[in-house]
Amino acid sequence: MSTTNTSGRRKTAVARIYLGAGGGNITVNGKDYKEYFPTLPLQYIVTQSLSVAESLANFDVKVNVQGGGVKGQAEAVRLAIAKALVELNPEVKPALRAKGLVTRDDRMVERKKPGRRKARKRFQFSKR
């Protein structure tokens, strides 16, 4: 089996992954994923696509991720892994789709508007 290359995005995070046959090692930016994502919820998010497809120990994943925060990066990795699994085996797509792992979450931060403190926040109004 050759290596499958896909990418996933969430907010401003972009993850590029290389999925190949192996023993279940996940490397993120040169580190083990448990070291890069130290909390259990983030580790669960990263491995969610592999566990739904029941192929957690069948593949080695090498990830390059940049931009955004750790939550966005973890979700970008999850989407990239799901896309690679569907590319290798289209039969797992319904299971991944049922969990919502194949769809890109396109919610982004709203831009700051001119004359305001934030995107929607107004200055305090005081009537004297």
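1. **Before you start.** This is a predicted model, where local features need pLDDT of at least 70 and side-chain atom pairs count only at pLDDT 80 or more, while totals for chains, interfaces and linings use all residues. Residues are numbered from 1 along each chain as its sequence is written, and side-chain values use heavy atoms, with hydrogens and water left out.

2. **The count.** Side chains of opposite charge can pair when their charged atoms come close. Here a salt bridge means a side-chain nitrogen of Lys or Arg within 4 Å of a carboxyl oxygen of Asp or Glu. How many salt bridges does that rule give? The count is six.

3. **D105 and R107.** These two side chains form a salt bridge, with N to O at 2.7 Å. For accessibility, buried means under 20% relative accessible area, exposed over 50%, and partly exposed in between (1.4 Å probe, protein chains only). D105 is partly exposed at 25%, whereas R107 is exposed at 53%. Both belong to a network of salt bridges that also links R10, K71 and E75.

4. **E110 and its partners.** E110 has a salt bridge with K113, where the closest N and O atoms are 2.7 Å apart. R120 also pairs with E110, at 2.9 Å between the closest N and O atoms. Both R120 and E110 lie in the segment after α4 (93–98), so their pairing ties together parts that are 10 residues apart in sequence. Helices like that one are DSSP runs (H or I, at least four residues), numbered from the N terminus. As for exposure, R120 is exposed at 59%, and E110 is partly exposed at 36%.

5. **R78, the one to look at.** Is R78 buried or exposed? R78 is buried, yet has no salt bridge: the nearest side chain of opposite charge, E75, is 4.4 Å away. (Lys and Arg count as positive, Asp and Glu as negative; His and the chain ends are not counted.) What does the R78 side chain make a polar contact with? Its partner is the side chain of Q48, at 2.7 Å. A polar contact is a pair of N or O atoms within 3.5 Å; within protein, one must be able to donate a hydrogen and the other to accept it, and residues adjacent in sequence count only if both atoms are side-chain atoms.

6. **Where R78 sits.** Find R78 in helix α3, residues 70–88. Because 14 of its 19 residues are buried, α3 is largely enclosed by the rest of the structure.

Terms used. Helix = DSSP H or I, 4+ residues; strand = E, 2+ residues; numbered from the N terminus. Lys, Arg positive; Asp, Glu negative; His and termini not counted.
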